Amino acid sequence: MASYDNAYSRFIALARIVLPLAALGILSTLFLFSRDTPSGDELPYSKVDVDELIREQRIGTPNYAGVTQDGTAIAFRAETARPDPDISGRASAEAMRARLDMPDGSHADIAARRGIVDTGAGVAVLDGAAQIDTSTGYIVRATRLTAALERTDVLGEGPVTAEGPPGRIEAGAMQLSTDPGNEDRYVLVFKDGVRLVYDPER
């Protein structure tokens with residue numbers, strides 16, 4: 001039994017010396033055979049332009065909501081938006097959508113490929129296949145739509161085309177706003193060279 005204990009003790013003592021030396025040998029081979037790493041100038045992230053990152057900052061699925069002075073609930077949303085670094089409260093957006101719910105129960109849905117919301121100026125500009133769908137049965141397409149944020153007032157710049165209850169309408173401009181004779185009502189007005197193709201079936 002004593003000889004077994006002596007042999008085991010010698011083995012443990014030897015292992016305490018050999019194992020650390022073997023570990024050092026393995027580590028040294030890692031350093032000896034490691035490949036040269038590229039300099040810091042060659043790292044991809046070393047070329048990032050911080051100013052460009054700030055300029056290109058994006059907001060995903062942003063939205064804006066409020067109530068106009070005449071009581072219309074207005075809401076804007078988009079797929080993405082980029083704040084303007086030079087103008088506070090201004091942002092450009094892609095795939096914009098807007099909804100106007102008027103106090104008289106009527107509503108209008110607006111869509112465009114892109115747009116700008118400027119809370120400082122109190123306007124939203126939508127262009128690129130801009131379209132309005134109203135609860136009164138009109139589908140209006142315009143080159144550009146400018147909507148006020150503080151009152152119900154949407155101006156469409158021409159050429160403007162519309163499909164509605166009377167038929168097809170072509171005009172130079174259109175405006176959705178409160179009725180000057182009755183501020184509790186909202187009217188859709190076409191102007192600047194209006195042409196109506198009447199459809200008796202409608």
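I take two strands to pair if DSSP finds at least two bridges between them. Helices (H or I, at least four residues) and strands (E, at least two) are DSSP runs, numbered from the N terminus.

**Entry 1: ground rules**

This is a predicted model, where local features need pLDDT of at least 70 and side-chain atom pairs count only at pLDDT 80 or more, while totals for chains, interfaces and linings use all residues. Residues are numbered from 1 along each chain as its sequence is written, and side-chain values use heavy atoms, with hydrogens and water left out.

**Entry 2: the chain as a whole**

I looked up the elements. The protein chain has 2 helices and 12 strands. From the N terminus on, I read the order as α-α-β-β-β-β-β-β-β-β-β-β-β-β.

Next I checked burial. Buried means under 20% relative accessible area, exposed over 50%, and partly exposed in between (1.4 Å probe, protein chains only). Of the 202 residues, 27% count as buried.

Then I turned to contacts, meaning heavy atoms within 4.5 Å. I took those between residues at least 6 apart in sequence; 36% of them join residues at least 24 apart.

I followed the pairing from E1. Strand E1 (residues 59–60) and strand E4 (residues 80–83) run antiparallel and are joined by 2 bridges. Gly60 stands opposite Thr80 in E4.

E4 also pairs with E5, again in the antiparallel sense, over 4 bridges. Here Thr80 has Glu94 in E5 as its bridge partner. The hairpin of E4 and E5 has 6 residues between the strands. In that hairpin I noted Gly89, which takes a positive phi near 85°.

**Entry 3: aromatic pairs**

A pair of aromatic rings is described by the distance of the centres and the angle of the planes. My rule: rings of Phe, Tyr and Trp (its six-membered ring) pair if their centres lie within 6.5 Å; planes under 30 degrees apart count as stacked, over 60 as edge-to-face and the rest as tilted. By this rule I count 2 aromatic pairs.

Tyr64 and Phe76 have ring centres 6.4 Å apart and planes at 45°, so the pair is tilted. Tyr64 sits in strand E2 and Phe76 in strand E3, 12 residues apart, and the pair links distant parts of the chain. Is Phe76 buried or exposed? Phe76 counts as buried, at 3% relative accessibility. Tyr64 is partly exposed, with a relative accessible area of 28%.

The rings of Tyr138 and Phe190 have centres 6.3 Å apart and planes at 45°, so this pair is tilted too. Tyr138 lies in the loop between strand E7 (123–134) and strand E8 (139–148), and Phe190 in strand E11, 52 residues apart. Both Tyr138 and Phe190 are buried.

**Entry 4: pockets**

I worked on a 1 Å grid over the protein atoms alone. A cavity is a set of points where a 1.4 Å probe fits but cannot get out; a pocket is an open set with protein on both sides within 12 Å along at least five of seven lines. Lining residues have an atom within 4 Å of a point. Grid points are joined across faces, edges and corners, and a volume is the space filled by probe spheres set on the points.

The largest pocket holds about 220 Å³ of space. It has 16 lining residues, and Pro62, Tyr64, Ala81, Ala91 and Val117 are the closest to its centre. Strands E2 (63–67), E3 (73–77) and E5 (90–101) each supply at least two residues of the lining. Which element gives the largest share of the lining of the largest pocket? E5 does, with 5 residues.

For classes, I count Ala, Val, Leu, Ile, Met, Phe, Trp, Tyr, Cys and Pro as nonpolar, Asp, Glu, Lys and Arg as charged, and the others, Gly among them, as polar. The lining of the largest pocket divides into 10 nonpolar, 4 polar and 2 charged residues.

The second largest pocket holds about 190 Å³. Its lining has 13 residues, with Thr136, Leu176, Tyr186, Val187 and Leu188 nearest its centre. Strand E6 (107–118) and strand E11 (182–191) each give two or more residues to this lining. E11 gives the most, 3 residues.

**Entry 5: two loop residues**

Thr68 lies in the loop between E2 and E3. At 6% relative accessibility, Thr68 counts as buried. Beyond its neighbours within four places in sequence, Thr68 is in contact with Ile74, Leu149, Glu150, Arg151 and Thr152.

Ser106 lies in the loop between E5 and E6. Ser106 is buried, with a relative accessible area of 15%.
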